[in-house]
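Good morning, and thank you for coming.

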Amino acid sequence: MFVMSCTGQAKPAVIAPKADSSLLLDIVKVSEGRYITVGERGHILISEDKGASWRQVEVPVDVNLAAVDFLDEQHGVAVGFDQTILLTEDAGETWTISHQQVSNYQPALFSVLYASSDNITAVGSYGLYLETNDGGDNWQVREITSLSDVYDGFSHFYDLEKRSDETWFMAGEKYIAEANDIGEEFSKGMVAVTRDAGKTWEKINSPYEGSFFGISVTNGDLYVYGLRGNLFHSEDQGGSWKKLKLANEAGLHDMLITENNGLVLVGTGGVLVHKQGDNISVAKRSDLKGRAALVSLGNERFIIVGEGGVETYDANNEKKASAVKGQ
Amino acid sequence: MAKNKLEPLVKSILFSKRGLWVAVFAAVTAIMAYFVSQLRVDASFEKNIPLKHEYMQTYLQYQDEFGGANRVFVALEAKQGEIFNNEFFNALKEADDIVEGIEGVNQSQVKSLFSPSVRYIEASEQGLEGGPVIPPEFEQVDKEQAFSKVRENILKAGIRGRLVSNDFTSAMISAQLFSEYNDPDAELTLDGNGQVASQMVKTDYVKVAHQLETLRTDIEAKYPNIEVHIIGFAKMIGDVSDGAGNVIFFFLIAFLITALLVYWYSRSIKLTLLPLLTSSVAVVWQLGILTALGYGIDPMSILIPFLIFAIGVSHGVQMINGVQHNVGKGFKVYDAAIAACAGLIVPGGVALLSDTIGFLTLQLIEIDIIRELAITASIGVAVLILTNLILLPLLLSYTHFPQSFVKSVQQREKSHEKWWGKLSVFAKRPMATVIVVVGIILGLIGYWGAENMKVGDLHAGAPALKQNSPYNLDTKYVTEKYSIGTDVISILAETRADGCTFYNIMETIDDFQWQLSNIKGVQSTLSLPQISKVVNGLLSEGNLKWKMLPKDEAVLPYTIARVETSTGLLNSGCSVMPIMVFLTDHKAETIERVVGSVKSFQSDYLDAEKSKVMTLVDTSFGSLESSEREVIKSELAPVLDGYSELSYHEDDAKPELEEYVTDQLSGSETISEDQLKQLTSALEDELPASGFKPVKFRLATGAVGVMAATNEAVAAAQMPMMIWVYLAVTLLCLISFRSVRGTICVVLPLVVVSLLAQALMTWLEIGLTVATLPVIALGVGIGVDYGIYIFSRMVGFIREGRSVSEAYFETLKLTGNAVLFTGLTLAIGVSTWIFSALQYQADMGIMLTFMFLVNMLGAIFLLPALASIFYRR
């Protein structure tokens with residue numbers, strides 16, 4: 001099915017001095033020292049000095065952008081509301097609209113995977129699933145019926161991650177997994193897998209009745225996390241899950257695994273949970289502004305984006321600070 | 001000099017019945033003194049603002065719904081650590097109760113941590129939860145726990161930086177004042193319709209300020225670990241009027257110095273006391289008449305009586321000089337007084353009349369406080385004509401001079417002659433040419449400096465008060481600790497009924513808010529779409545990816561359903577939504593940036609909306625030639641402009657776009673009826689339900705909104721005021737000298753001094769404000785006196801056939817002493833203000849001292865030099 005791009009109403013993003021303190025939702029490392037973050041009002045910002053300073057670039061749309069991904073140091077994709085898909089071929093300096101569909105409902109794309117030079121796949125609200133197999137010339141909307149709920153409806157797909165060229169994972173909002181005769185419904189957080197680069201999807205055993213906001217994938221491990229600080233770990237492709245206790249009830253939006261195999265998660269209320277073995281520390285932004293995503297700068301230093309814009313975060317300083325406080 | 005034709009008249013009307021006249025003056029003075037005892041200080045907020053200005057129309061229209069600019073902030077500071085302890089919360093509750101009890105405070109608009117309308121909301125698995133920031137169980141539960149809950153609620157409620165300082169060391173009570181309120185003490189009476197008659201009384205700001213000051217001392221005495229900071233217009237006006245009382249002290253000093261100078265000049269106690277007496281009589285009359293007319297005295301114009309006194313003494317010196325001179329010539333005192341009176345009544349009258357007119361031009365400025373100042377000053381100067389040109393010579397005629405005094409006067413006049421001889425060189429070339437060149441250069445320098453003169457308040461805090469005054473220190477404290485302050489400007493988004501339920505309306509407001517947020521000098525902004533975004537995020541389980549304006553028009557109303565009108569973010573019909581913009585300061589540039597941004601957003605937005613409609617024309621008339629489409633567009637464009645100017649104020653007053661277009665274009669010669677039908681049906685079907693340009697952004701309420709209007713009114717008034725004052729002065733000179741050349745000689749030096757005075761304002765960083773604008777008019781009006789006194793004599797000598805320098809020499813002999821003295825007494829009378837605790841008084845003092853002294857120099861040097869060029873033989 002072909003979808004005509006309707007770009008008539010697109011307004012370009014306004015270049016604003018305070019764009020770096022606006023709501024930013026995703027961040028990605030493009031090349032050594034170069035980072036790109038995207039967020040509300042079509043904001044795309046580039047740092048070439050590991051997050052010390054940020055420069056907003058021209059973007060042809062001003063809708064909220066929720067996710068960004070890069071194939072290599074030059075080719076990238078950003079997605080957001082109105083099914084907007086933007087492509088860049090010059091490391092993020094210029095962006096063109098590859099696809100957009102404006103409607104009064106809320107067809108939003110929340111996560112994107114630049115899987116190969118041909119395939120880009122984006123997922124979003126109410127089971128929205130868009131893919132291209134010719135590098136963005138043509139986009140197809142697919143209904144992944146295997147991931148629907150008991151009433152054939154869809155929940156929101158929030159995060160799409162890749163383990164290998166063929167194996168990808170997806171996490172999302174809770175969906176109604178069962179309903180009985182007396183109208184009782186039982187929901188589960190969405191976790192799904194494809195082993196053929198998106199051609200077919202299947203649900204995998206979900207450990208939680210609430211929503212998942214993200215999934216993190218390594219060669220051996222799977223982590224899913226979301227509402228109320230829930231974090232689950234699986235060592236067998238989702239066959240079985242273990243709940244990791246974090247002493248935190250705030251929703252978790254993003255996670256990364258440090259070079260020391262520690263886990264760092266960020267989320268609602270500006271929470272930052274650092275788990276190193278059995279050691280767990282929980283810190284919050286003093287203004288409680290939510291944190292949406294993070295990347296590692298190495299040596300326990302991160303760039304975090306969220307409601308307060310961009311910040312660089314040094315976990316070593318925090319440890320020192322809390323050590324001083326503890327004395 | 002020929003004997004004055006007026007002498008017989010003056011003698012028969014005035015001096016032959018001098019006893020009667022003095023008695024009349026005494027009786028009137030007694031009556032006026034009675035009125036003066038009734039004088040009250042009259043300060044009001046509305047008087048300070050240009051009510052007719054476009055922005056202030058918005059302000060007046062919405063002040064009841066959204067509160068005007070008249071807020072008071074009481075901030076309690078915990079001296080050690082954070083606010084989370086019992087002592088602090090008790091103090092805050094107590095202060096909150098006191099504030100609510102102050103007469104004139106709008107109790108429904110008092111906000112603090114304890115207000116029921118201050119609530120938080122959060123997402124949970126059950127949906128949204130919310131409650132008051134201070135939980136109901138606050139009193140019972142473990143305090144440690146309770147305080148940490150309150151702290152969290154503060155953050156969730158988004159009131160950090162607004163009701164609690166950013167660092168949690170201070171909390172605030174914010175209150176709105178009524179400009180008038182129902183008098184609770186009044187006895188209830190019924191009006192003609194059997195309704196309870198309303199007993200509205202004006203809020204007494206000075207009283208409010210004193211009650212707030214009592215609050216401060218009481219709380220600080222009872223709670224030693226708490227410091228209170230109070231800001232807001234009412235407090236400022238209280239401090240100003242307290243400070244204004246100190247002018248009595250400056251008056252006494254000026255009085256003493258003036259008395260000493262006049263004594264040194266006249267060498268006679270009698271001659272010293274009489275002009276001081278008549279000038280004081282003038283002040284009594286002035287204040288008496290003011291009270292009789294129903295005015296009070298505003299803290300802003302409290303200096304005017306002192307200015308009148310100084311002007312009175314300066315004219316009195318002229319009169320003494322005249323009498324002395326005549327006595328020196330051998331006249332009897334009685335005849336000397338008649339001659340002096342007859343000789344001075346015309347130039348003195350003209351001079352005082354020009355002062356009066358100079359002040360009256362201030363009536364052109366549509367700010368009541370300046371108008372009152374103008375009335376106060378005009379009355380005073382007009383009264384001086386009676387007291388110092390008539391009463392003073394009458395009184396002088398009773399005096400008696402010993403022979404020795406007459407001799408010493410003659411000797412002194414002789415000894416001064418060598419000085420006057422030296423001065424008269426300036427009326428002869430080449431010296432005259434040099435002086436004129438210097439004058440031109442000064443004029444150019446002045447022009448260059450005046451170009452850079454700034455409008456408005458150039459410094460943070462209340463400009464009426466010194467930077468280090470307690471009020472301004474409190475202001476500094478609040479702006480540093482909070483994200484808000486008194487420097488707020490609210491722009492009102494007017495739209496259709498239920499406007500907040502339409503996505504493109506909310507999106508426009510949101511875009512607008514973002515543009516404002518990015519302006520330099522904007523500290524923070526607040527509006528309804530922001531709340532909608534937060535709630536939408538919370539509705540989606542707190543996922544930040546959903547923190548956006550819901551496009552779905554079923555969801556959008558849901559996100560704002562819980563926002564109450566008491567937040568000040570919407571009206572009950574949801575057709576007006578303010579965008580509050582908190583600024584770091586209220587410097588004129590900051591205000592201009594914000595106002596400029598509002599205007600540019602308006603016009604960009606209108607252009608974008610128009611182009612949408614034009615695109616629609618292109619698509620729906622696709623079959624027509626493009627030239628035909630252009631015809632339709634060019635007809636449509638002005639109609640769209642007209643439509644966008646319509647106000648949404650009356651909910652049903654604004655027609656739908658298609659109706660309006662039909663109305664405007666039916667019967668058009670270029671658009672056929674069918675085309676019009678096609679056009680309107682396209683408009684009806686294709687445009688969103690919220691229509692074409694659905695939002696009208698209106699400036700402005702909030703304290704800075706008022707300042708923006710005031711700055712614009714002051715800037716706009718400056719030119720016309722100067723033109724009028726110069727027209728008046730020129731006309732009076734023309735009438736009294738009957739000479740164009742003479743008028744030029746008198747007026748040109750004034751122009752140079754006016755320019756220099758404006759340049760001085762640039763260099764001293766004094767902005768053009770409600771306080772300094774009148775000073776420029778006063779300076780010109782009074783500054784012309786010297787020129788009139790000098791030239792009225794000089795022109796007589798020139799017409800007798802003397803050379804300009806001879807005429808000038810003779811004039812100086814007659815009046816040189818007096819002119820120098822006039823300048824000195826005036827300058828001294830106002831220079832003591834420079835030390836006032838009130839900044840605007842100090843500014844006025846600097847400006848007036850400068851203008852009086854330099855105008856005198858202009859009259860002594862530049863005037864004769866110009867005359868020597870214009871009266872070349």
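I start with helix α14 (residues 431–451) of chain B, which contributes the largest share of a nonpolar patch, 8 residues. Helices here are DSSP runs of H or I with at least four residues, strands are runs of E with at least two, and both are numbered from the N terminus. The patch lies on the surface and has about 870 Å² of accessible area together; among its members are B:Val425, B:Met431, B:Val438, B:Trp448 and B:Trp763. Patches are made of residues with over 30% relative accessible area and no salt bridge, with nonpolar side chains (Val, Leu, Ile, Met, Phe, Trp, Tyr) joined within 5 Å and like charges within 9 Å. Accessible areas come from the Shrake-Rupley method with a 1.4 Å probe, and for residues only the protein chains shown count as cover.

A word on the basis of these values. This is a predicted model, in which local features need pLDDT of at least 70 and side-chain atom pairs count only at pLDDT 80 or more, whereas totals for chains, interfaces and linings use all residues. Residues are numbered from 1 along each chain as its sequence is written, chains are lettered from A and ligands numbered from 1 in the order in which they are written, and side-chain values use heavy atoms, leaving out hydrogens and water.

B:Val438 is partly exposed, with a relative accessible area of 41%; buried means under 20%, exposed over 50%, and partly exposed in between, with a 1.4 Å probe and protein chains only.

Now to chain B as a whole. Its secondary structure comes to 27 helices and 12 strands, and its C-alpha trace spans about 105 × 80 × 60 Å along the principal axes. Of the 873 residues in chain B, 59% are buried. The chain is divided into domain 1 (7–38 + 245–451 + 739–870), domain 2 (67–236) and domain 3 (487–710), with bounds from an automatic or database domain assignment. The centres of domain 1 and domain 3 of chain B, taken over C-alpha atoms, are 58 Å apart.

Let me turn to charged residues. B:Lys5, B:Arg738, B:Arg741 and B:Arg799 form a positive surface patch. Lys and Arg count as positive and Asp and Glu as negative, while His and the chain ends are not counted; the place of a charge is NZ of Lys, CZ of Arg, CG of Asp or CD of Glu. B:Arg738 lies in the loop between α23 (703–737) and α24 (740–763) of chain B, and at 71% relative accessibility it counts as exposed.

A:Glu93 is partly exposed at 27% relative accessible area, whereas A:Arg34 is buried at 10%.

How values were computed:
Salt bridge = Lys/Arg side-chain N within 4 Å of Asp/Glu carboxyl O.
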